[in-house]
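Subject: Handover of a structure and the findings from it

Dear colleague,

Please find below the structure that I am handing over to you.

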Amino acid sequence: MTQIIRVIYNQKGGVGKTTLAVNLAACAAKSGKRTLLIDSDPQGNASSYILGNDKYPDSTLADYYESCLHLNIFRQSIFEYITLNTKIPNLHLVASNRELEDLRTKLENKHKIMKLREGLKNNTYEQVYLDPPPANDFFSLACLIAATEIIIPIDCDAFSIRAATEIKNTIEEVRQDHNPNLKVLGIVVNQFQKGTKHSIGIIQELQKIGFQILEPYIPSSVKIRESHSEIKPIVIGHPEHAVSQAIQSLFNSIENISQMKNIRNNFTDKTSSKENNSALNLD
Ligand SMILES: Nc1ncnc2c1ncn2[C@@H]1O[C@H](COP(=O)(O)OP(=O)(O)OP(=O)(O)O)[C@@H](O)[C@H]1O
Ligand SMILES: [Mg+2]
């Protein structure tokens with residue numbers, strides 16, 4: 001079985017990483033795939049979205065990393081012990097909380113950046129979704145190294161362009177140093193405001209940098225915020241809602257792109273290239 005490990009990454013905060021990681025994982029689970037969602041953010045927002053704020057998880061990603069700091073012959077299989085069941089069939093969760101942050105310096109000093117990748121070897125999940133924090137830090141980098149595919153959510157503001165340029169450089173570096181086969185599936189346009197010239201302009205700029213823009217765009221809806229307090233992914237709680245249908249179609253197109261064998265591993269920088277390939281970083 002080829003395992004897909006998708007990281008929903010952007011070092012910029014509040015762009016919809018957690019919302020998309022949780023809902024795409026829920027779409028995968030709904031389609032019958034054995035799915036694991038790993039909350040890699042000490043904020044623990046994905047965990048709260050699935051478990052609620054009141055439930056203190058019995059075990060978390062911090063337990064795994066803690067064991068990596070000690071010589072422990074069972075640590076390769078520890079994922080089996082920290083994975084929680086959820087109310088959604090086929091969806092399992094590795095939760096997170098503030099304890100993760102307390103381990104960061106020790107993990108950096110002891111060079112444990114490969115441990116997430118190692119911990120994910122030899123498991124039975126068909127798809128894994130990683131929700132990193134809004135930073136270019138140890139936990140994000142560990143996710144980028146562990147992932148097979150990256151999806152980049154953006155909100156359409158002017159800072160997105162600078163963020164995307166930084167992401168492009170980070171991806172090149174991660175590929176060069178640790179993970180040469182990391183596939184860039186593309187950018188998800190979140191909180192899209194229809195008919196605004198500003199948003200269209202930003203999307204065109206992102207295409208020029210060489211990113212594939214995934215479709216459909218995800219509209220802004222208060223229903224998403226409500227789904228956080230309902231403690232249920234919107235695609236499960238309100239599958240008929242327009243936002244759920246957009247996320248479901250997005251999941252389907254991600255699945256199609258992921259199956260294409262010829263995703264080019266290089267960006268096509270259209271600001272400097274004369275080549276006019278409308279498929280951007282796809283052949
Ligand atoms: N399409 C949308 N429409 C309306 N609100 C949205 C949408 N997507 C996300 N939000 C809201 O925006 C806020 C930030 O979303 P989310 O937590 O998913 O972003 P994030 O990138 O994970 O944030 P952080 O960087 O802090 O981890 C949340 O309150 C969420 O409910
Ligand atoms: Mg988040």
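How many other C-beta atoms lie within 10 Å of Asn 90, and is the residue buried, exposed or partly exposed? The number is 19, and Asn 90 is therefore partly exposed; a residue is called buried at 20 or more such atoms and exposed at 12 or fewer. Please bear in mind that this is a predicted model.

With 20 other C-beta atoms within 10 Å, Gln 191 counts as buried.

Tyr 81 is part of helix H4 (residues 79–82). This residue is exposed, as it has 12 other C-beta atoms within 10 Å. In sequence, Tyr 81 and Val 94 are 13 residues apart, and their C-alpha atoms are 9.6 Å apart in space.

The chain as a whole

The protein chain contains 12 helices and seven strands. Of its 283 residues, 42% are buried. Among the contacts with a separation of 6 or more, 77% are between residues 24 or more positions apart.

The sheet

The seven strands form an open sheet with mixed pairing, in the order E3-E4-E2-E5-E1-E6-E7. Its edge strands are E3 and E7, each of which pairs on one side only. In general, strands of a sheet pair through backbone hydrogen bonds, either parallel or antiparallel.

Five of its five residues are buried, so E1 is largely enclosed by the rest of the structure. In a regular strand the side chains alternate between the two faces of the sheet. In E1, Ile 4, Arg 6 and Ile 8 point one way, while Ile 5 and Val 7 point the other way, and all are buried.

E1 is joined to strand E5 (residues 127–131) by four bridges, and the two run parallel. Here Ile 5 has Val 128 of E5 as its bridge partner. E1 also runs parallel to strand E6 (residues 149–155), with three bridges joining them. In this pair, Ile 8 stands opposite Ile 151 of E6.

E6 is in turn joined to E7 by seven bridges, again in parallel. The bridge partner of Ile 150 in E7 is Val 184.

The core and helix H1

Which residues have the most contacts inside the largest nonpolar core? They are Ala 25, Leu 37, Cys 143 and Ile 150, in a core of 76 residues. Helix H1 gives the largest share of this core, nine residues. Leaving aside neighbours within four places in sequence, Ile 150 is in contact with Val 7, Tyr 9, Leu 144, Ile 171, Leu 182, Val 184 and Leu 185.

H1 (residues 17–30) has 14 residues, and 20 Å separate its first C-alpha from its last, close to the 20 Å expected at 1.5 Å a residue. The helix is mostly covered, with 13 of its 14 residues buried. After H1 comes Gly 32, which has a positive phi near 95 degrees.

The surroundings of ligand 1

Ligand 1 is surrounded by 19 residues, of which the closest are Gly 13, Lys 17, Thr 18, Thr 19 and Pro 134. H1 and helix H10 (222–230) are the elements that give two or more residues to this shell. By class, the shell has 12 polar, four nonpolar and three charged residues.

A cis peptide bond

Finally, the peptide bond from Glu 215 to Pro 216 is cis, with omega near 0 degrees. Pro 216 is located in the loop between helix H9 (197–209) and H10.

Yours sincerely,
A colleague

Conventions:
Residues numbered from 1 in each chain as written. Chains lettered and ligands numbered in written order. Predicted model: local features only at pLDDT ≥ 70, side-chain atom pairs only at ≥ 80, totals over all residues. Expected span 1.5 Å × (residues − 1). Contact = placed C-beta atoms within 7 Å. Core = buried A, V, L, I, M, F, W, Y, C linked by C-beta atoms within 7 Å. Near = placed C-beta within 6 Å. Nonpolar A, V, L, I, M, F, W, Y, C, P; charged D, E, K, R; others polar. Pairing = 2+ DSSP bridges.
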